[in-house]
Amino acid sequence: MKAFRILGTLTSKPRNSHPLHQTLLSHFFSAQPQQNDSENESNDSVFDSSHYTVPNFDTNNSSSSSRTTPQEPAWDKKYRQRADRLVFNQEPQKANFKRLQEEEEEEVDERSRVLAKALLRAALERPDDQDEDEVVREEDQKSLCVGIVGAPNAGKSALTNYMVGTKVSAVSRKTNTTTHEVLGVMTKGDTQICFFDTPGLMLKSNGYSYKDVKARVENAWSTVNLYDMLMVVFDVHRHLTRPDSRVIRLIERVGSQTNTKQKRILCMNKVDLVEKKKDLLKVAEQFKDLPGYDRCFMISGLKGAGVKDLTQYLIEQAVKRPWDEDSVHMTEEVMKNISLEVVRERLLDHIHQEIPYNIEHRLIDWKELRDGSLRIEQHLITSKLSQRKILVGKNGSKIGRIGIEANEELRSIFKREVHLILQVRLK
């Protein structure tokens, strides 16, 4: 009985734990909160550019902060000058300072002379620029619609971007980057040229298109006869290293189509990759007597070689009629298309294999805010959970990198602040 009584007293007494133990336990449990996996996944799949601040480097502030005031010497300057002259046979600091000051003045004079020459050249070239900025009367306007066609990866999009002067079409090493017709406008003087970048055309050995791109290719073929001029682009470097009979068959098929109202030109692209330039003459000789083509140009859509002559030829072929697009400002439709193309290009750069082709890319929201900035929201819709995980990346690293690079490029194209939101979701 004594044992039971002692046991009852022990269990009935409250256990006073040490306050230090309580604090340790509270810190231990508070350091491990319960995590909701669904919330983390939803947060990782959304990229918001407002969460990433772009640093503005102010050169004036940084230079002023880096310059510290020189400390005053602890010795007398007169004795130091005398010691330098007697012991080291050095000139006084005043003479060195004067010499450095004279050198700086000569450098400033040289810079002013270079700047004066640059300003003089700009003044001499100003009349041409003013002619472009002047309002062209409607009866004096000329325009031309140019369709750019060719095999996949022939450099059509890079050529379009170079001739327009800004990015309007996605450029990637992957095949079938362009999925729909993209418009780019170039205005020079009284002439406006509208370039239509089309998806790559490819035929099988039997002359029919492939099933996976059949609808896209048929749509491109249906618009071939709608342009004033047809520009057929093919990769001359690949033709010399790995010739493809399907490309030659495509060029011959386009040239064989009869259309009296349309002119066709052949552009041998990527000449900068050809080491032996004599080989270009062989290719030109091969396609010299090809029927259906008026001219043949050797160009580089990436480096710009030969593009000046091509542009001049297109300007000469322009027809007198009113312009179709605004010569100064981008329309909202063009800007929306550019935003989709920029994000798609980054998507193709960072996501590989067949995943980027299976993603449904939509523009959900487009707003111009009061401060002049743009708010763009796009959704990337995948059909499989595994594809969504690959596109999001670990802790949202993949979609974050795509969003940051696309946001920076859109800011440089539109010349304004851009608030880009990308969201990855399942169907």
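User: Let's start with Asp-349: how accessible is it, in terms of relative accessibility?
Analyst: This is a predicted model, and in it Asp-349 has a relative accessibility of 34%, so it counts as partly exposed.

User: And what does the side chain of Asp-349 meet in a salt bridge?
Analyst: The side chain of Asp-349 meets that of Arg-346, with a distance of 3.7 Å from N to O.

User: Is Arg-346 buried or exposed?
Analyst: Arg-346 is buried, because its relative accessible area is 19% and the cut-off for buried is under 20%.

User: Where do Arg-346 and Asp-349 lie?
Analyst: Both of them lie in helix α13, which covers residues 332-350, and they are three residues apart, which is about one turn of the helix.

User: OK, switching to strands. Which residue forms a salt bridge with Asp-365?
Analyst: That residue is Arg-375, and the closest N and O atoms of the pair are 2.7 Å apart. The pair links distant parts of the chain, since Asp-365 is in strand β9 (residues 360-368) and Arg-375 is in strand β10 (residues 374-382), ten residues apart.

User: What about accessibility for Asp-365?
Analyst: Asp-365 counts as buried, at 19% relative accessibility, whereas Arg-375 is partly exposed, with a relative accessible area of 23%.

User: Which residues do salt bridges with shared partners join into one network?
Analyst: The network is made of Lys-167, Glu-345, Arg-346, Asp-349, Arg-401, Glu-405 and Glu-409, so Arg-346 and Asp-349, the pair from helix α13, belong to it.

User: How many salt bridges does the structure hold?
Analyst: The structure holds 21 salt bridges, and one of them is formed by Arg-246 with Asp-244, where the closest N and O atoms are 2.9 Å apart.

User: Why does Asp-244 count as buried?
Analyst: Asp-244 counts as buried because its relative accessibility is 18%, and buried means under 20%.

User: What does Ser-339 touch?
Analyst: Leaving aside residues up to four places away in sequence, Ser-339 touches Trp-366, Ile-376, Gln-378 and Leu-410. Of these, Trp-366 falls within the residues 360-368 of strand β9, while Ile-376 and Gln-378 fall within the residues 374-382 of strand β10.

Technical notes:
Residues are numbered from 1 along each chain as its sequence is written. This is a predicted model: local features need pLDDT of at least 70, side-chain atom pairs count only at pLDDT 80 or more; totals for chains, interfaces and linings use all residues. Side-chain values use heavy atoms; hydrogens and water are left out. A salt bridge is a side-chain nitrogen of Lys or Arg within 4 Å of a carboxyl oxygen of Asp or Glu. Buried means under 20% relative accessible area, exposed over 50%, partly exposed in between (1.4 Å probe, protein chains only). Helices (H or I, at least four residues) and strands (E, at least two) are DSSP runs, numbered from the N terminus. Contact means heavy atoms within 4.5 Å.
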